[in-house]
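Visitor: I'd like to learn how to read a structure like this one. Can we go through it feature by feature?

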Amino acid sequence: MPFTQLQTELDERAAQGLLRSRRTLESPQSPHIVVDGKSYLAFCSNDYMGLANHPHLIAALQQAVLQHGVGAGAAHLVSGHSDAHHRLEQRLASFVGKPAALLFSTGYMANLGTVQALVGRGDTVFADKLNHASLNDAMLLSRAEVKRYRHGDIAQLEQLLEQTKNGRKLIVTDTVFSMDGDIAPLRELLALCERHDAWLYVDDAHGFGVLGEQGRGSLSHFGIDSPRIVYMATLGKAAGVFGAFVAAEPAVIDTLVNHAHSYVYTTATPPALSIALLESVNLIEQGAALREHLHRLIEKLREGLADLPWKLMQSDTAIQPLLIGDNLQALKLSEGLRQRGIWVAAIRPPTVPQGTARLRITLSAAHSEADVERLAEALHELAR
Ligand SMILES: *Cc1c(COP(=O)(O)O)cnc(C)c1O
């Protein structure tokens, strides 16, 4: 049988507590979800601003479908680029303070297409070891040489840059690290780029909408801006909808339009999504109260979990991982919470390094303080 070996490999993964499977959500995304017929208080979405089920976005999408139909019907370079896409690109560019922007279907595709279009054979990509998997895949696809530096280790990165004499140099980093919640030292990274004539590609999947003035993202958070920075953010997390964009100098954007395969060779997203996203950017811009509430929740969680036998990792963002270490113990804790009606995902290798399995707790502006108290109580019960 050709597939018996696959089953053996799956069985081995299961024995190590590494087998992944899906649960089926039967409600909209929100802190209170229904999974397989049971209600849970959930701490595992990336819907940081609580917009995924927001009435304004629902209304905007309903209206937009009546006006724009459902499918785009073609790629952007053929006949799929609608005025809705175009308006959203302009709005996003000005929102994050860049001259131009380009919409992609997903963040994964934005990373693949951008890195592949900007560097190739003879060039070098420098990457933080904890970068998102899509960035790692993007580097491999680009065929550039890959040099990875220890998480946040600017000194090591500088050495690697000094050793690199030829070709283009592109530093690639998550802004908020998706499984850790800490923020990359963007100011120092930009200074290195200037000293070594390199570009900086930042993946702001977890910063856009939550960090910076009016949720403008990580560049605004650090108050930095440079034509060397190519900015990427996703629109399915804090923005609550779907998609991603890259914002940069016009020459970069035009290069992507011409050379990013994951932009050129794919159908445009439904234009109605762009209309909903225009409304989402408005809500983000006016979302100061939501962001303040989110920060109160983060403080409350950190206080509430301070005396557990497991430690929260160092993080000021909505991603608050509780470090467990052992895969099976992380699964067991996640299961214990589930029995108490609370949903928190256990994250295991290869998503995170060996021996660092964790509960990835994420907070949303849609959570209440009582929700956070309930999680803290359940974890204290499980610790006893
Ligand atoms: C989620 C995520 C992506 C992928 O974005 P999608 O729109 O979900 O494909 C890319 N980078 C990071 C850091 C992410 O967390």
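Guide: Let's start with His32, which sits in strand β1, residues 32-35. Strands here are DSSP runs of E with at least two residues, helices are runs of H or I with at least four, and both are numbered from the N terminus. A caution on what you're looking at: this is a predicted model, where local features need pLDDT of at least 70, side-chain atom pairs count only at pLDDT 80 or more, and totals for chains, interfaces and linings use all residues. Residues are numbered from 1 along each chain as its sequence is written, and side-chain values use heavy atoms, with hydrogens and water left out.

Visitor: What is His32 in contact with?

Guide: Contact means heavy atoms within 4.5 Å. Leaving aside neighbours within four places in sequence, His32 is in contact with Ser27, Tyr40, Leu41 and Asp371. His32 and His367 are 335 residues apart in sequence, yet their C-alpha atoms are 8.8 Å apart in space.

Visitor: Which residues come nearest to the ligand?

Guide: A residue is near a molecule if one of its heavy atoms lies within 4 Å of it. There are 13 residues around the ligand, and Gly107, Tyr108, Asp203, His206 and Lys237 come nearest. Helix α5, residues 107-118, gives the most to this shell, with three residues.

Visitor: How do the shell residues divide into nonpolar, polar and charged?

Guide: Ala, Val, Leu, Ile, Met, Phe, Trp, Tyr, Cys and Pro count as nonpolar, Asp, Glu, Lys and Arg as charged, and the others, Gly among them, as polar. On that scheme the shell holds two nonpolar, eight polar and three charged residues.

Visitor: Which ligand atoms do the polar side chains of Asp203, His206 and Lys237 lie by?

Guide: For Asp203, a polar side-chain atom lies 2.5 Å from a nitrogen atom of the ligand.

Visitor: What does UniProt say about Lys237?

Guide: An unreviewed UniProt entry carries the annotation "modified residue: N6-(pyridoxal phosphate)lysine" at Lys237. Positions are given in the numbering used here, feature names are shortened, and annotations may be inferred rather than shown by experiment. In the model, Lys237 is in the loop between β8 (229-234) and β9 (244-248). With a relative accessible area of 17%, Lys237 is buried.

Visitor: Which residues does UniProt list for "binding site"?

Guide: The unreviewed entry lists Arg20, His132 and Thr351. A polar contact is a pair of N or O atoms within 3.5 Å; within protein, one must be able to donate a hydrogen and the other to accept it, and residues adjacent in sequence count only if both atoms are side-chain atoms. The side chains of Arg20 and Thr351 are joined by one of 2.6 Å.

Note on methods. Buried means under 20% relative accessible area, exposed over 50%, partly exposed in between (1.4 Å probe, protein chains only).
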